[in-house]
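Please look through the sequence and the model below before reading on. The explanation is meant to be followed with both in view.

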Amino acid sequence: MRIGIVCYPTFGGSGVLATELGKALAQEGHSVHFITYQQPVRLTEFLPNLFYHEVQVPTYPLFDYPPYETALASTLVDVIRNHELDLLHVHYAIPHASAAYMAKQILRTEEKEIPVITTLHGTDITLVGRDKTYEPVVTFSINQSDAITAVSENLREETLNHFQIEKPIQVIHNFVDTARFRRKPIDAFRQVLAPRGEKILVHASNFRRIKRIPDVVRIFAAVRAEIPSKLLFIGDGPERSTAEELSRELGVFDCVRFVGKQDQIEDILLIADLFVLTSEYESFGLAALEAMAAGVPVISTNAGGLAEINIHGETGFACTVGDTDSMSQHAIDLLRDEEKLNRFRKSARAQAALFDISKILPLYEALYNKVAPLTAN
Ligand code: GMT
């Protein structure tokens with residue numbers, strides 16, 4: 001099939017997932033066209049049937065806010081026309097679903113029917129989409145999609161509870177390519193980061209408030225008081241300076257490293273002992289799944305879809321939001337008991353295998369065939 005994918009090109013989970021999906025579809029022989037304002041960060045390889053179309057947003061003195069959505073819709077029309085796409089798969093409702101709707105209507109005037117699938121990822125529903133400023137457009141454009149998917153049961157429920165959705169929402173969980181995380185950890189790398197054999201805790205996110213970054217620092221400080229350890233922060237974002245300040249205040253700054261945005265996240269995860277995710281909400285928590293694929297147990301909250309993937313007492317611990325005491329105690333208990341830690345490592349890997357790309361990709365392909373059966377090659 002010829003598939004158009006619209007996503008955010010940044011390090012956020014929805015962009016990562018969309019890019020990995022597009023790459024896997026291209027490996028399966030589909031032609032995949034990414035349409036977005038910047039090359040997606042994980043789109044690093046070349047395949048003859050993988051294309052990238054950049055949305056240009058011309059500026060003009062009149063525009064305080066350059067109209068990205070209009071530019072995106074026009075680019076979609078152009079790409080669909082010129083590359084005869086069979087369907088459009090948009091990730092994150094705002095503004096991708098409404099731009100897709102606009103493109104669909106324009107193409108209808110030329111008697112071209114383009115099916116649109118919208119995948120809901122999280123904050124497009126739970127935070128931003130619910131805002132009165134966006135809600136009518138979000139509801140309308142989701143309802144106009146030919147198929148809707150959500151990345152967890154929890155997100156499906158949240159969507160149905162807060163929006164008037166008139167169509168079924170299919171849950172297709174996020175996935176991970178477990179093969180990528182099966183390499184041997186690089187001992188020399190571990191030696192550099194933890195030269196005295198310290199335990200390594202890792203957090204990865206975009207450091208937005210919803211991630212409750214100060215809780216990560218508090219948990220680390222409690223662990224560090226009992227067990228020699230290091231904390232690696234992967235990613236960057238608005239709460240970074242708060243994390244720096246708090247780690248200074250708690251006297252652990254020297255043991256905390258900010259390694260920035262990393263596309264080879266597996267290299268770091270493979271040397272980690274625990275992954276910490278303290279979010280107030282996660283529709284799924286793709287970063288936690290990637291950690292599990294690398295055999296790293298997860299200390300997380302049980303918010304949103306996190307409890308669907310991090311099985312309390314097996315793959316890690318999933319505690320109440322803000323309960324840093326419990327999360328710290330569980331982390332300490334695990335790190336102190338090598339045998340238990342190994343058991344959790346194994347369970348984490350086994351759990352990630354349930355979400356392996358080989359299991360999830362056919363679900364998307366089946367959906368594509370359902371919404372675009374006549375045009376499919
Ligand atoms: O977590 C973020 O802030 C990024 C956000 C995004 O839209 O890129 O992630 C959301 O989508 C991911 C992929 O489906 C999920 O794994 C994350 O849990 C979800 N984030 C939230 O719900 C806060």
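The structure is a predicted model, in which local features need pLDDT of at least 70 and side-chain atom pairs count only at pLDDT 80 or more, while totals for chains, interfaces and linings use all residues. Residues are numbered from 1 along each chain as its sequence is written, and side-chain values use heavy atoms, with hydrogens and water left out.

Seven strands form an open sheet in the order β3-β2-β1-β4-β5-β6-β7, with parallel pairing; strands here are DSSP runs of E with at least two residues, helices are runs of H or I with at least four, both numbered from the N terminus, and two strands pair if DSSP finds at least two bridges between them. Because β3 (50-54) and β7 (169-171) each have a single partner strand, they stand at the edges, and one side of each is left without a neighbour in the sheet. From one strand to the next, the twist averages 25 degrees. Within this order, β1 (residues 2-6) pairs with β2 (residues 31-36) in the parallel sense over five bridges, and Gly4 stands opposite His33 in β2.

Further along the sheet, β5 and β6 run parallel and are joined by four bridges, with Ile117 opposite Ala147 in β6. In a regular strand the side chains alternate between the two faces of the sheet. In β6, Ala147 and Thr149 point one way, Ile148 and Ala150 point the other way, and all are buried, where buried means under 20% relative accessible area with a 1.4 Å probe, computed on protein chains only. Three bridges pair β6 with β7 in the parallel sense, and Val171 in β7 is the bridge partner of Ala150. The chain passes from β6 through α6 to β7 in a right-handed β-α-β crossover, that is, with the strands pointing away from the viewer, the path from the first strand over the helix to the second runs clockwise.

Helix α6 (residues 153-162) lies across β5 (116-120), β6 (147-150) and β7, and runs at about 165 degrees to β7; such angles run from 0 to 180 degrees between N-to-C directions of axes fitted to C-alpha atoms, for helices over the stretch in contact.

Ser283 is found in the loop between β11 (274-277) and α11 (286-293), and counts as buried because its relative accessibility is 7%. Leaving aside neighbours within four places in sequence, Ser283 is in contact (heavy atoms within 4.5 Å) with His121, Gly122, Val151, Ser152, Leu155 and Gly305. A polar atom of the Ser283 side chain lies 2.5 Å from the backbone oxygen of His121.

Notes: Buried means under 20% relative accessible area, exposed over 50%, partly exposed in between (1.4 Å probe, protein chains only). A polar contact is a pair of N or O atoms within 3.5 Å; within protein, one must be able to donate a hydrogen and the other to accept it, and residues adjacent in sequence count only if both atoms are side-chain atoms.
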